[in-house]
Amino acid sequence: MTEATAPTATETNRGFSLAAIPLWAQFAAIIIFGVLLSLVWDGATRWPEAWTVPMAAWITEFIEWLKSEATIFGVEFKEITRGIGAALKAPVKWAEYLLYRGFKGIGLGPLPWVAVAAGVTIFAHWVGGRRLALLCVLTMIYLATFNLWKDSMKTMTIVIVAVPMAALLGVVLGIWVTRSQTASRIISPMFDLMQATPHMAYLAPVAALFAFGPVTALIATVIFAMPPMARCTILGLQTVSSDVLEAGQMSGCTKRQLLWKVALPSSKRTLMLGLNQVVMQTLAMVVIASIAGATGLGHKLLYSLQQLRLGVAIEQGIAISLIAIVLDRLTQAYAYKETDHFAATKTWTQRHKHMLLFLGILVVSYIAAEYWRWVKIPPSKFVWGTGDAKTVLFDAKLLARHADQAIRDFNVVAFDYINPIRDWVTIWILLPVRDFFLWLPWPVFVGVIGLAAWRLGGLSVLLLCLALMFSFIVTGFWVETMKTTYLVLIAAALCVMIGVPLGIWAARSERVANIIMPICDTLQTFPSFIYLIPAIMLFRIGDFANIFAILPYATVPAIRYTYLGLKRIPPVTIEAAIANGATRMQRLFKVELPVALPEIMLGLNQTIMMALAMTAITALIGSTDLGQEVVRSISTQNFGRGILAGFFIAALGIIADRLIGSWAAERKRQLGVA
Amino acid sequence: MPTDVQIKCRNLWKVFGADPKGFLHRHNGAPTAEALADEGYIGAVQDVSFDVHQGEILIIMGLSGSGKSTLIRCITRLNDPTSGEMEYEGRDLLKLSERDLIDMRRHKMGMVFQNFGLLPHRDVLENVAFPLEVQGIARPERIERAKAMIELVGLSGRESYFPRELSGGQQQRVGIARSLAIEPDIWFLDEPFSALDPLIRAEMQDEFIRLQSLLHKTIVFITHDFEEATKLADRIGIMKDGRMVQLATPEELVLNPADDYVAEFAKNAPRERIVSVGAIMQPVAGNASGTVPMSAKIGSVAEQVLTSEHPVAVMDEGNNTIVGSIDRQTIATSIFGTRAA
Ligand SMILES: Nc1ncnc2c1ncn2[C@@H]1O[C@H](COP(=O)(O)OP(=O)(O)OP(=O)(O)O)[C@@H](O)[C@H]1O
Ligand SMILES: [Mg+2]
């Protein structure tokens, strides 16, 4: 009998033997194995050419086939895309006529800039009062004085067409997801993927199907800006209190009435938040979509950057930032606008005074525009007097030239200090790390990530991560992916080193928080594109500049999550530590940070996502990683590579997200704060 | 009596879980508590049968989780019962089409919710007019009717306020006005006052009594609060773990509780205001002095009886005959007796 039970016991032991090996030893074994393998087999360093799946070529061919031969239900595919293109061209055209081209056919000019500026300001006053109106006035004056009006209007053309489309599409999809299990199963994972996909990656597939031009930019923008609206719709509909819904039912609502009269209106705040995000995403995308044919500020800014005309670039960057801030504040103010209680007691004119004022200005300015050109388009030059007595009061171009010169002077002086730092860091830190990642045999990478995935998230996460990793290994994108990984990891490390201490500082001092948090909000308002400007200005091009461009954008979540994580610690936990006699430092390192760690890690997760999105954008000023593949694919028409590269950026994001997310969820569960 | 039965429920079951219907079927429609627990089902309402009569106030009580809300929600079809029968004035409630159900809610049923369930994006007037709006009643008429309701609940002047700008009590007044706007025949209230603080709650109870004295609706009312129940109820149904343990008048509950659970509820009841003289009187006594009416609550005659040396005669006001007597001892034990024990 004893003999019969004894083997069972050892067998059980053998079954758990893997868990008995310490984790570090498991990792060490994988690393050693991978390195040794790479010594005896070249294929472990570079995936063998012969085994490479020519996925990119297939995709490119497939797209060619789609565009030339494919038919769907008897309709040629290219006819479909052409039809969609034509249908979308119409609203873009009308917006163009309205904002800067004018209605040539009926001899009506575009909206006079005075009317647009007044309209925005009046709307701002209506929704947000005097301060917001002032912000709008200043922004409009800035755009006018720096000769950026027309480009701003070109940018706004796509914004005003894309926002309603994205919002509507988002609401419809959101409703559909909440109504149908099937829709939810199809669409929710798609949103997950879309969220991890950087702006840039949307451009390649759309550009592949539609010709270079504003319609491509519009489509990519709408697709990119739609998910937040859908998410907010889903969130809003799912969080309507059951009492409200049941009250609606008991009031005798039909299903449709319940949706349109009860559920949707009572989630107005959440929907408005979604609209705000749609607007911000739209702007962020439109400026980047310049590489796919969107004209306007983004296009000009890209050009200035490539020409190293930094003064102009800064002016354009400021314009984009100001527009972003104005749009953000306007949509937020609109979302939080209180309904007027006493509307019923007012006369029609009183209730519509803002509207009437705007209509008045519109008519007057159209008439005045016939006589004074500066009413129609902002003057680039104001001249007083005639002949010899002429004095130039103001000259936008001159102003820009001065700014340009000032930047140049600054750089000349600053380079003496900046260049050595840049070069030292590049040579001693960046290049070695990059070389390490390029040397890394893929079995080591796959093994380490795989083991981590398995330990943190179990089999499903392991399988997902393996599939994603092999997707870029077997298609021959290993080198580009490693370059992106290296940039992102270094940037994320720096973001954490900067962001976490700032977050801690803000959590400890109300005053600091009052300064840092609004700055964070503002930094997140700006389209990511503009972060290239200071990077180029200070460091020209190269990995150092790219990392520098990532920092202001991707540090924000590190700061914010640290701050929130620390703020959310229950006071009793801290009081208990104080009662136990912990010093401030002990409290921080032994109590607060460990408890807040899951939250901080979620911040890191966001940081990585944003760093990934930003590396793709740095491709606009020169890089050699996945982002560059995306950008290049649009000009070379080798769309397969661009689409795959975009997907791999998303894949890196998803891997990081699953690893960190699983860890944080598990840790939160252990801490009982889930 | 059958003519005045407005709602009839027979063997109502509501089971929550993976496959409630199959589960009930497997257990022949009557699973035991063990079966429910073993298979992870919740028997929110279990084999409940009762009638609601025209014009009565029926109050349902029970501990949290005993199934009160679920029962009401079955009757209003916010939840569909798993099995059982329900009739409304002879019509089978469970066979109503979607359209008929909506019609029923639009014209016959009103409901007030614990957390008010007001629409946050509509002001008071629009909230109250909402049930009329979804019926498609023209704006001038629904505004007029909504205004009348707002006046009825004492909120005139607040028509343009939004729910978040009102106190809890005021919000519930809006909820009440809204549920009454369609002039329902039967009125459901699920703990309408429990989210309010005690002073407001007392005020709202009085308000409710005032409204009922004007409207004479059939009412099904859920509360946790026995005192509230005795103040309002014609009959009280007590629920425990999904079952209706006892359904009777307050007096009967106090005097003859079906079990310890009911007795526990009745323990703190203000007996002097619930129990009538007739219910506890003794046989006619020879040495009685003075009389008290048979239907009087004992609280109202306590002073007279307690200060009298002799038992007091009990008179049936219907035909002015002496039907019994009551003495100090009886009054004292029925007010304090069980409480001491
Ligand atoms: N949708 C649901 N899904 C699963 N279980 C439910 C659901 N609704 C109610 N229950 C369960 O049914 C039981 C009865 O709930 P119900 O809300 O009817 O109780 P209640 O008597 O109204 O309690 P309270 O006084 O707290 O309102 C509870 O155990 C509850 O958890
Ligand atoms: Mg309840």
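Chain B and chain A bury about 2,200 Å² between them, with 58% of it on carbon and sulfur atoms. Buried area is the accessible area (1.4 Å probe) that two parts lose on being put together, summed over both. This is a predicted model, where local features need pLDDT of at least 70 and side-chain atom pairs count only at pLDDT 80 or more, while totals for chains, interfaces and linings use all residues. Residues are numbered from 1 along each chain as its sequence is written, and side-chain values use heavy atoms, without hydrogens and water.

**Exercise 1.** Count the salt bridges between chain B and chain A, and locate one.

*Solution.* Apply the cut-off: a side-chain nitrogen of Lys or Arg within 4 Å of a carboxyl oxygen of Asp or Glu. The count is two. One of them joins Lys261(A) to Glu133(B), with the closest N and O atoms 2.4 Å apart.

**Exercise 2.** Give the distances from the side chains of Ser64(B), Lys68(B) and Thr70(B) to oxygen atoms of ligand 1.

*Solution.* Take Ser64(B): a polar side-chain atom lies 2.5 Å from a ligand oxygen. For Lys68(B), the value is 2.8 Å. For Thr70(B), an N or O atom in the side chain is 2.4 Å away.

Terms used
Chains lettered and ligands numbered in written order. Polar contact = N/O pair within 3.5 Å; in protein donor to acceptor, adjacent residues only side chain to side chain.
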